[in-house]
Amino acid sequence: MARDARTAAILELVDAIPRGRVMTYGDVARTLGIASPRLVGQVMARDGHEVAWHRVVLATGRPADHLVAEQCARLAEEGVPLCGRRVDLAAARWLPGSAARTSGVEGR
DNA sequence: AGCCTGACAGATA
DNA sequence: GTATCTGCCAGGC
């Protein structure tokens, strides 16, 4: 396995996402200083089975085509603002440091 | 060693 | 909003 600083950082950040919030692959990658959102997905596919992978969604606010059911169910359970099959990134998008506003739905 | 594939994102048309 | 091209990192063959 990778065990690289990048891989560890990805898993750590994903695992650090609070309940009821989500992050896009691009946001996670940029936050870690990585220029490849694919790495996030790759890491999730290999070692993401032990982290909150379901809190990571596509930039379109929609989970991976393989995880739509799983993602949607888990996110709904955690109180993530879902817009049909999509996540309301406007309220659910979480950035490290901006964790102040716990539940985005009330955020403001 | 090199080539291909893979949980994507962003820009352009 | 959809479709296409490119960029990028790591793993498998």
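Tutor: Axes are lines fitted to C-alpha atoms, for helices over the stretch in contact, and angles run from 0 to 180 degrees between N-to-C directions. This is a predicted model in which local features need pLDDT of at least 70, side-chain atom pairs count only at pLDDT 80 or more, and totals for chains, interfaces and linings use all residues. Residues are numbered from 1 along each chain as written, chains are lettered from A and ligands numbered from 1 in written order, and side-chain values use heavy atoms, without hydrogens and water.

Student: How do the axes of helix 1 and helix 3 cross?

Tutor: Two packed helices are described by the angle and the distance between their axes. Here, helix 1 (residues 5-16) and helix 3 have axes that cross at roughly 80 degrees and come within 10 Å; helices are DSSP runs of H or I, at least four residues, numbered from the N terminus. Helix 1 is therefore roughly perpendicular to helix 3 (65 to 115 degrees; under 35 is roughly parallel, over 145 roughly antiparallel, the rest oblique).

Student: Which residues in helix 1 meet helix 3?

Tutor: Thr7, Ile10, Leu11 and Val14 do, against Leu39, Val40, Val43, Met44 and Asp47 in helix 3; contact means heavy atoms within 4.5 Å. These residues divide into 7 nonpolar, 1 polar and 1 charged (nonpolar: Ala, Val, Leu, Ile, Met, Phe, Trp, Tyr, Cys and Pro; charged: Asp, Glu, Lys and Arg; polar: the others, Gly among them).

Student: At what angle do helix 2 and helix 3 cross?

Tutor: The axes of helix 2 (residues 25-32) and helix 3 cross at roughly 105 degrees and come within 7 Å, so helix 2 is roughly perpendicular to helix 3. Tyr25, Gly26, Val28 and Ala29 in helix 2 meet Pro37, Val40, Gly41 and Met44 in helix 3. That contact has 6 nonpolar, 2 polar and no charged residues.

How values were computed. Helices (H or I, at least four residues) and strands (E, at least two) are DSSP runs, numbered from the N terminus.
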